[in-house]
Amino acid sequence: MLLPTLADPSDTEAIRFGERVLSHRQLATVASGLGRSLGSGRVAVWARPTIETCVAVVAALGAAAPVVPINPKVGERELEHILADSMPELVIAAPGDTLPDGLATLPRIDVDLTANGGGRTASEPSGEAPAFVVYTSGTTGPPKGVVLPRRAISSNLDALAEAWEWTSDDVVTHGLPLFHVHGLIIGVLGPLRRGGAVRHLGTFSTRAAAAELAGPATMMFGVPTMYHRLAADIEADPELAKSVSAARLLVSGSAALPAICHERIARATGQRIVERYGMTETLMNCSVRASGERRPGTVGPALDGVELRLVDDVGAPITDSGPAENGTDETIGEIEVRGPNLFLEYLNRPDATAEAFHDGWFRTGDMATRTPDGYVRIVGRRATDIIKSGGFKIGAGEVENALLEHPDVAEVAVAGRPDDDLGERIVAWVVPSAARPTAEELTDHVARLLTPHKRPRTVHFVEALPRNELGKVRKRDLR
Ligand code: MLC
Ligand code: AMP
């Protein structure tokens, strides 16, 4: 059962957004009330960071209807693609939400927090039944729908509970978006599966997080950008640092946490951040254990039940990743994983699904080393056309395609560049056509077509792009 605590609910707090609270019993009642209106077809959930979004997701899971979470900032082109690809039967939103065109034409159900379904849900579907379709970027083309089965979620949340000694006494706080696996599956379904609570910040700020950690929250989840901002704030304000030091566990993931950020927070609070490594397709693969050594720059060993190996350039497993013979470093290989945490397929993309696997192992595209005691250190990515900015994954190709739709763009190349705050920043090199657009016009254009987090943060106007003999852009030579 995915959410056993809702079958036998308690009156303790389950979800809080500011003053809006539901106990486990209230959540079970409201979600089953909403679930009565749902069939078993896919449902889109307008995933604003609200209590309604959590209720919608729990209701759909209870009714065995797969959820397609929709980024409330989604642009027209991206939404068009997601809807055509996933074909949801209806959309669930909060009362008063204004939905964009595309979604507004679907049958709509508003979350009613007074609904009463008596806590009854459909019989529990099999573990292989799809629970979510979460869209994630690739190197080229529009985002792919990752179909996640129920067993991936339950097994992964249990492995994390083991790793983090996570119990019903824990209260998780975070300000993550609810349309990706980090905020929604780990950050909301995680606490619900444990029978504990989540207190969502609405929007992340150090002050709000610190107040929660000084109060009831025991754990915080965040992306490195949030910890980078938190480090600066607590260094400037010892009271904030004191609040953060009260946490039981600070967890970072979705992108690499720089060792310097880890050390700054440790110096100010005594807290050593626990880093974990995951992916939409695999949920979480590795984590430093709550009781384990917290080595900065490492994501710890594989979680229980997750098999992880490193393979070389020709796909051969690297058996010994201890110090290499040249004595300079450990052997670097691509991470491949196998286990109950894996997705079922990319929706409508058998080609992409087949390509993602190698002898039954999922190819993550992440490059890493592993110490003899199993600690994984991620050192890079196979594809240079994948950008991780603020913990969001963005394909350079999708941003290029969006920019090429602008009438004043003749040629374009997009790449990620290091950024202290965002990890990587999206940079575009643009050859304008006759009329020269402003940088702001172009960033707004991408924000409107795709989503604001995919907008370039820097635009360089150039006369030509560096190309090789075959006409392909040499991204390494972009300056
Ligand atoms: C800015 N905005 C615009 C805009 N420019 N809106 C329209 N048009 C434009 N041109 C708006 C934004 O929408 C936003 O609104 C506000 O301005 C600030 O935007 P921003 O500057 O882009 O935000 P920023 O400060 O950079 O965000 C940092 C951040 C964010 C850390 C809060 O990057 C974030 O939430 N990251 C989390 C990513 C995540 O959850 N990843 C998990 C993937 S799963 P508003 O209203 O929103 O403030 C995964 C697997 C795993 O990776 O392992 O976990
Ligand atoms: P997404 O497709 O958005 O789920 O992003 C998954 C990717 O995020 C992984 O393939 C990694 O490249 C990256 N990632 C997640 N967690 C970490 C981490 N702790 N350290 C480094 N990279 C990470």
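**Figure 1. The shell around ligand 2 comprises six nonpolar, four polar and five charged residues.** In this classification Ala, Val, Leu, Ile, Met, Phe, Trp, Tyr, Cys and Pro are nonpolar, Asp, Glu, Lys and Arg are charged, and the others, Gly among them, are polar. The structure is a predicted model, in which local features need pLDDT of at least 70 and side-chain atom pairs count only at pLDDT 80 or more, while totals for chains, interfaces and linings use all residues; side-chain values use heavy atoms, with hydrogens and water left out. Residues are numbered from 1 along each chain as its sequence is written, and chains are lettered from A and ligands numbered from 1 in the order in which they are written. Around ligand 2 there are 15 residues, of which R276, T280, D366, K388 and K393 come nearest; a residue belongs to the shell if one of its heavy atoms lies within 4 Å of the molecule. Strand β13 provides the largest share of this shell, five residues.

**Figure 2. Polar contacts of ligand 2 involve R276, D366 and K388.** A polar contact is a pair of N or O atoms within 3.5 Å; within protein, one must be able to donate a hydrogen and the other to accept it, and residues adjacent in sequence count only if both atoms are side-chain atoms. A polar backbone atom of R276 lies 2.7 Å from a nitrogen atom of ligand 2.

**Figure 3. Ligand 1 is surrounded by 24 residues.** The closest are K73, S254, R276, K388 and R455. By class, 10 residues of this shell are nonpolar, seven are polar and seven are charged. A polar side-chain atom of K73 lies 2.7 Å from an oxygen atom of ligand 1, and a polar backbone atom of G278 is 3.3 Å from an oxygen atom of this ligand. A nitrogen atom of ligand 1 is 2.9 Å from a backbone N or O atom of G391. On its own, ligand 1 has 1100 Å² of accessible area, of which the protein covers 68%. Two or more residues of the shell come from each of α6 (181-194), α8 (224-236), β13 (274-279) and α13 (439-449); β13 gives the largest share, three residues. Helices (H or I, at least four residues) and strands (E, at least two) are DSSP runs, numbered from the N terminus.

**Figure 4. Strands β21 and β22 form an antiparallel hairpin.** Four bridges join β21 (residues 386-389) to β22 (residues 392-395); two strands pair if DSSP finds at least two bridges between them. S389 stands opposite F392 in β22. Two residues lie between the strands, and G390 takes a positive phi near 65°.

**Figure 5. Eight strands form an open sheet with mixed pairing.** The strand order is β2-β1-β10-β9-β11-β12-β13-β14. Strands β2 (20-23) and β14 (283-287) stand at the edges, each with a single partner strand, so one side of each has no neighbour in the sheet. Four bridges join β1 (residues 13-17) to the antiparallel β2, where V21 stands opposite R16.

Conventions
Areas by Shrake-Rupley, 256 points an atom, 1.4 Å probe, with all protein chains shown as cover.
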